Amino acid sequence: METGETALKDPLVEMPDGKFDYDLKTFFPLFSTYIYALCSDLPSIIYTTNSVLTSFRDDGVVYLELRTTPRSIPSASITAEKYIETILSCISAFNITNTAMKTNLILSIDRRNTISTALSVVGLALQYRSQGVVGIDLCGDPSVGDVSIFAPAFQKARDNHLNITIHFAEAPQSSTEEELRTLLEYGPDRIGHVINVPGDIKQEIVKRKMGLELCLSCNVHAKMITGSYGDHHFGWWKETGCPIALSTDDVGVFGSALSDEYLLVAEHFKLDREAICFLASLERRPRPVIAESGSVRENKRVRGEVVQWRAKAALFGYIFNWYIDRHRGDIGFISRRRRKADKMVAQPRAVDSDNLVIPVCPPPPAHLEQPTKSKVKLVDFSLFLNGTPEQRLQTAQSILHGFQTAGFIYLSSHPIPLPTIASAFRTSSQFFDRPLSYKETLAWTTPESNRGYVTTGREKTSALTSRAAVAALKAQAPDLKESYEIGREGEEGKPNNWPSGDEAFTEEMKRFFGLCKDFHVEVMRAIAVGMGLPEAYFDAYTDVGDNTLRLLHYPSVPAAVFQRNKLQVRAGEHTDYGSITLLFQDDRGGLQVKSPSGRFVDATPIAGTVVVNAGDLLARWSNDTIKSTTHRVVEPPTRAEGDVHPARYSIAYFCNPNFKETITAIDGTYGGEKGERKYPDINAGDYLVQRLGATY
């Protein structure tokens, strides 16, 4: 089977639009088949996790617990630990840039598991507790398994004060008196579904005031209850005083977002706004949810208003939302299945006329893409840093191919810890919050120094090299950004303009600069390996660290500014000048990349990754076999909030050859069929000063 193909039937055929009536016998085989076949490598796991998080955020959720069953994927060299770490990395990065929603993770024991596997799940939950795992779950096909074998696992969880949630009385075959008593002995904090519950067990649940997770759409569509929404046992349980969390269960199959669940209970149980707010209020949530501050947010939804929701959902319940229709070759078509046909959403195509795939939404996993001439790659960088010789070579070749085609790549599992990046963003934001009069005391002075604060409108990034031409463009549409430039410490006659008396800021940025410098070296080594050069080929050209760390703030701006002036952008189109650029960005969006046809397409942020661009000097080094891609920052693709686009933050680390080095085309990149050398030799430092001088 060729790359990009799959033997799976199109899920839009298996699950046609508007079909949600899957019972438990048909659901579990279908769900498991697609889950394990499609989520089979790191890119697909990252893509799916980010897609789920974005969907819940867009639905107004303020607290989310995702559930996933730890799994190893030997074919992709993924251990259970790596699987969990990848998901937690996505969650951590998303939490950083989406402060309105807090997300944690629950690890699941499947009813089909052995006791050994169950104990390992508890061990993993304890291992990653400090990173966002808040509990364990018992789930899976209710028609299989003997739950009594899991007693040691749940005892270990209780001994370590680990929160427990359990799928409970989900189907008649899992609702015997013996099983339900056994499950209650495990001491769950919450139980889910609670459908086929005998009267004496109900009374025990009410007595304990146990938290309940109820899923109306799933129960109705799967015929797990008799009747329809108005007959749902929510009506009985809401009168008992047990705290209830309305939840979604496999949205991609049953088609109901969390806000739909609140709409259903409002409509069928005659709940007014006050009752809905009480149901969703932070004070009423079942354990083990961590306390989060929040308030009612105005939005046209339930009788004109909606609360900020809490949610619990299966992590890969959204997998069908992003399956690409292979049979029609429609790359980038995302089918978001919803309860009602009028909620069907199709994302814009992400393929331009040159077949350059730039993600309008997070990029589809490689094994779900149809082969094209040129693709943006999401590469697991840990396979180069820590992989086998074969993995290192394959990863290096993948990185090189990304630079040779699209000119930029996404790197996941990179060496800079996500908490470190989060701290750098917080510190950057605090810096830009200072008064302008203070920041201007740290002002940037010369392109030779390239250090200090640059106020909004002073710089105009562009592809132009003439100062006069840049000045004319700046007069028409100045860049809407401010920045703070940090250079190498210890460079004679070029001190950094550090804020006086703020040692914490200075030391943090020095450390971050050093981490990025090391990251730069490793990426250049990967490029060397991909090109068939000695791994250390570029080391002597990059060891000094003549690089620039740039903190960037794009202030909030009325949408009307872009409407009045069609030339207005947040940062003008330009290429980067050095070897590569490491770009850390928040989730606001607006970065666009220019394809070979001259069209700009969106490069959407992907949580937990770093965007790496190739720059001019690397293109010259490679005799243009590597592309230095033109890019810009424009009005965000998302709707303005109250007609104002929120602020955007990013951190760019501009990597350069040592300023003293002469850049000449590498042997093997020219001659014969490859053509002549395209550029004369040039001093790296001189080229950078020339380009910087034109932009200010």
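Predicted model: local features only at pLDDT ≥ 70, side-chain atom pairs only at ≥ 80, totals over all residues.
pLDDT is the predictor's confidence in each residue, from 0 to 100.

**View 1. Confidence along the chain.** The chain has a mean pLDDT of 79, with 76% of its residues at 70 or more. The opening stretch, residues 1–6, has pLDDT below 50 and 13 contacts beyond near neighbours in sequence. Residues 314–375 also stay under 50, and here the model has 207 contacts beyond four places in sequence.

**View 2. Strand β28 and its two partners.** Welcome to strand β28 (residues 648–655): 7 of its 8 residues are buried, so the strand is largely enclosed by the rest of the structure. Strand β19 (residues 548–554) runs antiparallel to β28, joined to it by 7 bridges. Look for threonine 548, which stands opposite phenylalanine 654 of β28. Strand β22 (residues 580–585) is also an antiparallel partner of β28, over 6 bridges. In this pairing, leucine 582 faces tyrosine 653 of β28.

**View 3. The largest nonpolar core.** In soluble globular proteins, nonpolar side chains tend to be buried together. In this model the largest nonpolar core holds 77 residues, of which Ile109, Phe168, Ile205 and Phe234 touch the most other members. Helix α4 (residues 80–97) supplies the largest share, 7 residues. Leaving aside residues up to four places away in sequence, isoleucine 205 touches Phe168, Ile191, Val197, Met210, Leu212, Trp237 and Cys242.

Terms used. Residues numbered from 1 in each chain as written. Heavy atoms only, no water. Buried < 20%, exposed > 50% of the residue type's maximum accessible area, 1.4 Å probe, protein only. Helix = DSSP H or I, 4+ residues; strand = E, 2+ residues; numbered from the N terminus. Pairing = 2+ DSSP bridges. Contact = heavy atoms within 4.5 Å. Core = buried A, V, L, I, M, F, W, Y, C linked by side-chain atoms within 4.5 Å.
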